[in-house]
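Subject: Handover of a structure and notes on its contents

Dear colleague,

Please find the structure below, together with the sequence. My notes on what was found follow it.

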Amino acid sequence: CVGICGIDEHLEMDLFAWSEMAAQRILSEQRSRLDRLLMSVNLLFVVAMVITLLMVVLLTRQHLLRQREFKAQEERRQAEAALMESEERFRELAELLPETIFEIDTQGILTFINRNASNYFGYSQEEFEGGMNGFLTISEEDRPRCMANAKRVLAGERIGLNEYIALRKDGTTFPVVMHSTPKFRDGKPVGIRGIVIDITETKKLEAQLRQAHKMEAIGTLA
């Protein structure tokens with residue numbers, strides 16, 4: 001009986017030790033799993049923080065880009081409004097002047113001409129605005145020189161006043177002087193803007209003055 005009891009006690013102690021070792025092993029495994037879980041959670045937190053920061057940066061950049069775009073659009077609208085106001089002012093002033101004010105593109109097509117031009121050249125405003133070439137208002141003998149001067153103006157050369165014989169719709173002619181300058185857009189010449197002045201009366205006065213000087217010279221000679 002004593003021997004059997006000793007064996008039972010020994011087995012009980014072995015079972016207790018095995019149970020304790022098993023419990024420690026389970027606790028160790030659980031602790032390892034918990035550590036891995038905490039590491040995963042920490043890693044996920046770091047990733048989430050990085051993603052959040054990236055989103056904040058992207059949203060901030062997008063907001064700044066929208067602000068810049070809005071500012072650029074506002075500046076563009078203001079520039080367009082100022083340009084329209086300037087062009088409207090130019091057209092109003094051009095209509096008030098008694099001389100012919102014109103604009104042509106690089107091919108000579110009229111893009112603007114004031115209404116007083118109809119009184120000088122005999123064309124209607126619709127004819128002027130229907131894609132008419134402005135060089136057709138210059139006589140055939142002066143047209144090549146006028147076109148050559150237009151190329152010089154587009155090239156940036158200052159040519160001052162030039163005298164031509166203008167051509168009306170009915171074929172009659174009259175003397176004019178023209179002053180023109182290049183018209184730019186984005187730094188490139190896109191046409192010519194100028195003024196045409198009828199000098200018919202001036203020519204008559206010059207002829208009368210020459211005649212008077214001639215008669216005076218004849219009288220002095222006599």
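**Salt bridges**

Glu 103, Lys 183 and Arg 193 are linked in a network of salt bridges. Please bear in mind that this is a predicted model. Nine salt bridges are counted in it.

Glu 103 is buried, with a relative accessible area of 4%, whereas Arg 193 is partly exposed at 32% relative accessibility.

A salt bridge also joins the side chains of Glu 127 and Lys 169, at 2.7 Å from N to O. This pair links distant parts of the chain, with Glu 127 in helix α3 and Lys 169 in the loop between β3 and β4, 42 residues apart. Glu 127 is partly exposed at 31% relative accessibility, and Lys 169 is partly exposed at 46%.

The salt bridge between Lys 204 and Glu 201 has an N to O distance of 3.8 Å. These two residues are three apart in helix α5 (residues 200-221) and are therefore separated by about one helical turn. Lys 204 is partly exposed, with a relative accessible area of 46%, while Glu 201 counts as exposed at 52% relative accessibility.

**Strand pairing**

Strands β1 and β5 run antiparallel and are joined by six bridges. In this pairing, Ile 104 stands opposite Ile 192 in β5. Strand β1 also pairs with β2 in the antiparallel sense, over three bridges, and Phe 102 stands opposite Ile 113 in β2. The two strands β1 and β2 form a hairpin with four residues between them, and Gly 108 in the turn has a positive phi of about 95°. Five of the six residues of β1 are buried, so this strand is largely enclosed by the rest of the structure.

Strands β4 and β5 pair in the antiparallel sense over ten bridges. At 76% relative accessibility, Asp 186 counts as exposed.

Gly 191 is placed in strand β5 and is buried, at 0% relative accessibility. Leaving aside neighbours within four places in sequence, Gly 191 is in contact with Ile 104, Asp 105, Thr 106, Leu 154, Thr 181, Pro 182 and Lys 183. Gly 191 and Leu 110 are 81 residues apart in sequence, and their C-alpha atoms are 9.5 Å apart in space.

**Nonpolar core**

Which residues have the most contacts inside the largest nonpolar core? They are Phe 102, Leu 110, Phe 121, Phe 128 and Met 178, in a core of 22 residues. The elements that give two or more residues to this core are β1 (100-105), β2 (110-113), α2 (117-121), α4 (143-154), β3 (162-167), β4 (173-185) and β5 (188-198).

Not counting residues up to four places away in sequence, Phe 121 touches Thr 100, Phe 128, Thr 137, Ala 166, Leu 167, Arg 168, Lys 169, Phe 174 and Val 196. Among these residues is Lys 169, whose side chain meets that of Glu 127 in a salt bridge.

Ser 139 lies in the loop between α3 (125-128) and α4. This serine is buried, with a relative accessible area of 2%. Beyond residues up to four places away in sequence, Ser 139 touches Ile 165, Ala 166 and Leu 167. Ala 166 and Leu 167 are also among the residues that Phe 121 touches.

**Surface patch**

Is Leu 59 buried or exposed? At 53% relative accessibility, this leucine counts as exposed, and it is found in helix α1 (residues 2-96). Leu 43, Val 47, Ile 51, Met 55 and Leu 59 form a nonpolar patch on the surface, with about 480 Å² of accessible area together.

With kind regards

Key. Residues are numbered from 1 along each chain as its sequence is written. This is a predicted model: local features need pLDDT of at least 70, side-chain atom pairs count only at pLDDT 80 or more; totals for chains, interfaces and linings use all residues. Side-chain values use heavy atoms; hydrogens and water are left out. A nonpolar core is a set of buried Ala, Val, Leu, Ile, Met, Phe, Trp, Tyr and Cys residues joined through side-chain atoms within 4.5 Å. Buried means under 20% relative accessible area, exposed over 50%, partly exposed in between (1.4 Å probe, protein chains only). Contact means heavy atoms within 4.5 Å. Patches are made of residues with over 30% relative accessible area and no salt bridge: like charges are joined within 9 Å, nonpolar side chains (Val, Leu, Ile, Met, Phe, Trp, Tyr) within 5 Å. Accessible areas come from the Shrake-Rupley method with a 1.4 Å probe; for residues, only the protein chains shown count as cover. A salt bridge is a side-chain nitrogen of Lys or Arg within 4 Å of a carboxyl oxygen of Asp or Glu. Two strands pair if DSSP finds at least two bridges between them.
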